[in-house]
Amino acid sequence: MELTGAEIAIRCLQEEGVEYIFGYPGGAVLHIYDALFEQDKVKHILVRHEQAAVHAADGYARSSEKVGVALVTSGPGLTNAVTGIATAYMDSIPLVIISGQVPTYAIGEDAFQEVDAVGITRPCVKHNYLVKDVKDIATTIKKAFYLAKSGRPGPVLVDIPKDISNNKTEFDYPSSVSIRSYNPVGKGEIEQVKRAAKLLLEAKRPMVYSGGGVVLSGAASQLTELVRMLGFPCTNTLMGLGGYPATDKQFLGMPGMHGTYEACMAMQHCDVLIAIGARFDDRVVGNVEHFAQVPRKIIHIDIDPSSIAKRVKVDVPVVGDLKLVLEQLLVEFRNIKRKPNAKDLAAWWKQIDEWRVKGGGLRYKNSTEIIKPQFVIEKLYEITGGDAFVTSDVGQHQMWAAQYYKFNKPRRWINSGGLGTMGFGLPAAMGVQLINPGATVACVTGEGSIQMNIQELSTCKQFHLPIKLLSLNNRYLGMVRQWQEFFHGNRYSESYMDALPDFVKLAESYGHIGIRIDKPSDVEPAIKEAFSRKDDLVFMDFQTDPTENVFPMVPGGKGLSEVILSEDL
Amino acid sequence: MRHIISLLMENEAGALSRVAGLFSARGYNIESLVVAPTEDPTLSRMTIVTSGSDAVIEQINKQLNKLIDVAAVMDLSEGEHLERELMLVKVSALGQDREELKLMTDIFRGRIIDVSDKTYIIELTGTGHKLDSFLQAIDHGLILETVRTGASGIGRGGRILKL
């Protein structure tokens with residue numbers, strides 16, 4: 001039987017086992033929405049802005065191991081989605097975005113709601129397609145899913161013109177697909193794995209630096225086993241939090257711009273650094289010339305060869321899927337039956353412990369008068385037992401959440417690390433809640449970020465998503481204010497948030513519960529009250545200290561050992 | 001350093017712009033870029049002349065390989081290779097200049113492929129250096145138009161770029 005292109009597209013999603021898609025209808029996707037209406041396997045979540053559709057699909061993907069799917073119309077539907085697509089691209093999140101396009105005969109004529117979707121998204125997708133024949137829809141969508149989740153994951157866009165979604169053909173979904181010019185790697189080269197193992201055993205001051213790749217590859221248990229077997233110190237980047245349990249004694253905390261003193265110093269002064277699914281980002285190693293001043297051997301394991309030797313010189317590159325490479329390394333160490341030199345390692349740990357004391361751990365001066373933002377995160381961690389899914393927006397609150405919430409499991413910390421997209425937290429939490437029904441989902445945000453996608457409170461009402469929002473409301477774009485204080489002579493140019501809405505009334509007007517918290521003594525009761533309401537979305541508006549800064553801090557352009565500890569402690 | 005990179009890519013709409021976009025997005029130089037289908041109509045072959053430090057060239061090769069439409073990449077500069085470029089030059093050819101230009105064209109082993117009462121079109125093939133030399137050798141004031149293809153390259157002997 002012949003099906004329309006639209007029906008084929010939906011059948012493809014069914015075949016891929018897609019449970020939820022996030023989207024917004026419009027002229028160019030009307031046939032696809034019609035096909036969606038005729039079935040109930042794929043459930044559609046109607047967002048209030050296309051950017052949120054992509055972030056929601058993104059949160060869905062990050063918190064599961066599935067591919068997230070978004071559906072948007074042509075023109076503004078697509079351009080609104082671009083920020084979401086770029087966010088997913090920077091963090092290597094597997095998404096398939098289906099966009100409508102004007103009919104093929106109108107392409108290039110500046111038709112109503114026409115935009116060159118493939119052209120606009122090209123720099124921020126893993127790959128994209130414009131489907132020009134209904135016969136190609138099934139294969140193209142199959143390829144899109146395959147590309148999105150294999151190799152280094154990423155978003156793939158499939159642009160379907162309106163006439164193509166209405167033309168008919170036989171539906172035949174391919175069971176597998178191969179692309180001759182695309183061959184993702186599996187295991188690492190065994191010689192390189194052996195060289196890495198040898199170097200690690202010779203290290204006097206070893207350091208394990210793992211990133212988001214560990215989470216994406218599902219290699220957290222292999223990483224944990226390796227680190228414990230060797231007895232080495234380990235740090236997780238912002239994207240890698242949860243890859244190694246944060247409460248473990250071998251964990252040094254996050255490195256980089258707002259990392260711990262001990263993680264920064266250990267990264268700087270180690271003699272062998274093994275980077276696992278991390279990319280020596282500028283926010284992690286700071287000034288690369290400063291970083292290179294200390295001689296150290298670097299082993300770099302990554303699925304993407306272009307991530308290796310991009311910013312720093314690498315001595316032992318290993319290209320492969322981290323999970324498989326770490327298993328190879330584990331086998332290698334079991335075969336060698338040698339342990340790292342205990343005496344050297346003990347001396348190194350002694351040094352690290354001294355740094356731990358000198359850095360004083362993550363700390364802040366609490367107050368009985370004014371709510372300290374760090375205190376809110378500490379209470380959130382305690383009350384949720386460290387087991388919540390935590391999404392965040394971007395800014396100071398994001399750093400405090402990353403610092404003070406101890407993630408022991410992967411895929412629990414959901415944030416826009418690479419692109420730094422404000423407005424990510426709430427829609428991402430919607431995707432997380434849908435794929436993890438019954439789970440505790442908290443969105444840590446600020447009064448700046450939340451207003452970039454606050455309309456999604458409406459979506460949450462429609463689909464009964466009992467997310468808990470913790471807004472650290474300091475009336476400032478806090479991270480901007482912090483940089484202006486440190487580097488721009490206290491000139492707070494446009495960083496004060498005036499004319500804020502009453503967030504309690506706002507939450508209520510969307511049909512949710514809002515709580516305003518002014519006093520430190522009310523923080524714990526409010527969080528407890530909010531999380532006891534299992535079926536309700538609760539918006540907690542914490543009036544926090546507007547002058548609080550994020551520490552430690554490695555200023556932009558500085559080296560890791562030039563980290564500033566809090567001055568008032 | 002100057003590098004000449006050859007690649008095979010899917011002969012599909014948009015493939016060229018993926019390569020060109022990569023170079024502009026990451027701030028890499030393109031001195032020239034030549035592309036045309038191969039004997040296999042599903043594949044195009046592209047030759048890119050670029051320059052950069054060793055680290056930049058390594059990244060260019062890796063980033064090109066990462067493009068889904070790119071099937072194979074070879075840095076021709078890493079071994080024995082040949083490169084050729086085609087140039088067409090339209091010159092003003094009047095009086096004594098006609099004989100002089102004919103002579104220079106013969107010396108450079110070019111051909112005059114179009115003659116009018118006032119102009120010649122000269123066809124010349126060779127390395128970029130040779131084409132530059134020709135332009136320097138003739139009277140600059142006589143040049144009306146030049147068009148150059150940019151370099152195409154191929155590995156010598158057993159160096160073969162094929163799927």
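Two residues count as in contact here if their C-beta atoms, placed from the backbone, lie within 7 Å. This is a predicted model, where local features need pLDDT of at least 70, side-chain atom pairs count only at pLDDT 80 or more, and totals for chains, interfaces and linings use all residues. Residues are numbered from 1 along each chain as its sequence is written, with chains lettered from A and ligands numbered from 1 in the order in which they are written.

Start with the two chains: 17 residues of chain B are in contact with 14 residues of chain A. On the chain B side, H2(B) gives the largest share, 6 residues. Helices (H or I, at least four residues) and strands (E, at least two) are DSSP runs, numbered from the N terminus.

Chain B itself is split by an automatic or database domain assignment into domain 1 (2-79) and domain 2 (82-152). Their centres, taken over C-alpha atoms, are 29 Å apart. Domain 1 of chain B puts 6 residues into the contact and domain 2 of chain B puts in 5 residues. S2(B) gives the most on the domain 1 side, with 3 residues.

Over in chain A, residues including A:Phe375 and A:Leu380 in H16(A) meet residues including A:Ile527 and A:Phe531 in H22(A).
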